[in-house]
Amino acid sequence: MMERKQHDIAYRTRNEFLMYAVNRKKLDEKLQLWQTLDEMTSMKILSRIEGDEERTKRVLEGLKTLVEEQITVLIPAAEEGKSATQSISAAKIDEMLANLKATGFTSYWA
């Protein structure tokens with residue numbers, strides 16, 4: 001039997017990602033894949049992370065790098081006179097890391 005790691009993504013979660021992506025695109029044809037990935041990362045991955053520095057800092061820093069490399073780089077530059085679109089996952093990770101630094105504990109919900 002294969003041992004599960006603490007932060008593995010289960011098949012059900014993977015399937016929810018895929019179903020969400022398909023249905024989200026049907027609701028908004030202009031939606032880009034990066035937006036769906038960003039939303040799902042926030043809802044299904046970041047929401048499960050909580051704990052002290054020992055348990056969460058490395059995970060959050062790794063996710064931050066991954067989000068920057070795979071999602072943030074896909075966000076189009078802001079048009080003149082409009083505010084730039086930001087990654088909700090990147091913003092939430094920054095908030096969680098700030099909470100971790102300030103209090104020694106972090107949670108998606110804090």
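The model is predicted, so local features need pLDDT of at least 70 and side-chain atom pairs count only at pLDDT 80 or more, while totals for chains, interfaces and linings use all residues. Residues are numbered from 1 along each chain as its sequence is written, and side-chain values use heavy atoms, with hydrogens and water left out.

Ser 107 is found in strand S2. Helices (H or I, at least four residues) and strands (E, at least two) are DSSP runs, numbered from the N terminus. A polar atom of the Ser 107 side chain lies 3.2 Å from the backbone nitrogen of Trp 109. Apart from neighbours within four places in sequence, Ser 107 is in contact (heavy atoms within 4.5 Å) with Ile 49, Glu 50 and Met 96.

Ile 49 in turn touches Thr 56, Val 59, Leu 60, Leu 63, Met 96, Thr 106, Ser 107 and Tyr 108, not counting residues up to four places away in sequence. Ile 49 also belongs to the largest nonpolar core, which has 14 residues; Leu 46, Ile 49, Leu 60, Ile 93 and Met 96 touch the most other members. A nonpolar core is a set of buried Ala, Val, Leu, Ile, Met, Phe, Trp, Tyr and Cys residues joined through side-chain atoms within 4.5 Å. Helix H3 (53-70) and helix H4 (88-103) each supply at least two residues of this core, and H4 gives the most, with five residues. In soluble globular proteins, nonpolar side chains tend to be buried together.

Helix H3 has 18 residues, which at 1.5 Å a residue should span 26 Å; the end C-alpha atoms are 25 Å apart, which agrees. The expected span is 1.5 Å times one less than the number of residues. Which residues of H3 are buried? They are Thr 56, Leu 60, Leu 63 and Val 67. These residues cover an arc of only 70° around the axis, so they sit on the same side of H3; the arc is that of the directions from the helix axis to the C-beta atoms. The face turned away from this buried side carries the exposed residues Glu 54 and Arg 58. Among the elements covering the buried residues of H3 are helix H2 (33-45), strand S1 (50-52), H4 and strand S2 (105-107).

The structure holds eight salt bridges, each a side-chain nitrogen of Lys or Arg within 4 Å of a carboxyl oxygen of Asp or Glu. Three of them are listed here.

| Salt bridge | N to O distance |
|---|---|
| Arg 12 and Glu 16 | 3.6 Å |
| Glu 16 and Lys 44 | 2.6 Å |
| Lys 57 and Glu 61 | 4.0 Å |

Arg 12 and Glu 16 are four residues apart in helix H1 (residues 11-27), so about one helical turn separates them. Arg 12 is exposed, with a relative accessible area of 57%, whereas Glu 16 is partly exposed at 27%.

Lys 57 is partly exposed, with a relative accessible area of 32%, and Glu 61 is partly exposed at 37%. Salt bridges that share partners join Arg 12, Glu 16 and Lys 44 into one network.

How values were computed. Buried < 20%, exposed > 50% of the residue type's maximum accessible area, 1.4 Å probe, protein only. Polar contact = N/O pair within 3.5 Å; in protein donor to acceptor, adjacent residues only side chain to side chain.
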